[in-house]
Amino acid sequence: MWGASLVFVTIFFVVLAIPCIGIGWLGWRTINKLGQFPSKTPAIQTGILLKLIIIEIVSVALLLMFYKILQ
């Protein structure tokens with residue numbers, strides 16, 4: 001009983017951790033850029049939009065894949 005639930009929780013944690021690490025890394029880079037070039041704030045924020053969309057699509061795809069595998 002514990003083995004199956006531990007595997008489930010571990011896989012679910014990995015599926016959620018991957019996008020969180022990506023967002024954290026992207027945010028860290030953005031904060032560093034904003035600290036160096038505060039007058040370019042709109043350009044910096046616009047520049048990360050596509051990266052955020054890609055991370056969001058990947059995270060939803062991972063969750064859907066996880067759901068389909070367990071279905």
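Predicted model: local features only at pLDDT ≥ 70, side-chain atom pairs only at ≥ 80, totals over all residues.
Let's start with helix α1, which covers residues 2-36 and includes Leu 34. Thr 30 also has its place in α1. How exposed or buried are they? Thr 30 counts as buried, because its relative accessibility of 9% falls under the 20% cut-off. Leu 34, at 25%, is partly exposed, because its value lies between the cut-offs of 20% and 50%.

| Residue | Relative accessible area | Contacts |
|---|---|---|
| Thr 30 | 9% | Ile 44 and Ile 48 |
| Leu 34 | 25% | Thr 41 and Ile 44 |

Notice that Ile 44 is touched by Thr 30 and by Leu 34. Ile 48 is a contact of Thr 30. As for Leu 34 and Ile 48, they sit 14 residues apart along the chain, and 12 Å separates their C-alpha atoms.

**The cavity**

Searching the whole structure turns up one cavity of 30 Å³ or more. The volume of the largest cavity is about 30 Å³.

Which residues line the largest cavity? They are Leu 26, Arg 29, Thr 30, Lys 33, Ile 48 and Lys 51. Helix α1 gives the largest share of this lining, with four residues. Sorted by class, the lining holds three charged, two nonpolar and one polar residue. So here we meet Thr 30 again, as a buried residue that helps line the largest cavity.

Note on methods. Residues numbered from 1 in each chain as written. Heavy atoms only, no water. Helix = DSSP H or I, 4+ residues; strand = E, 2+ residues; numbered from the N terminus. Buried < 20%, exposed > 50% of the residue type's maximum accessible area, 1.4 Å probe, protein only. Contact = heavy atoms within 4.5 Å. 1 Å grid on protein atoms, 1.4 Å probe; cavity = no way out; pocket = protein on both sides within 12 Å on 5 of 7 lines; lining within 4 Å. Points joined across faces, edges and corners; volume = space filled by probe spheres on them. Nonpolar A, V, L, I, M, F, W, Y, C, P; charged D, E, K, R; others polar. Lists of a residue's contacts leave out its neighbours within four places in sequence.
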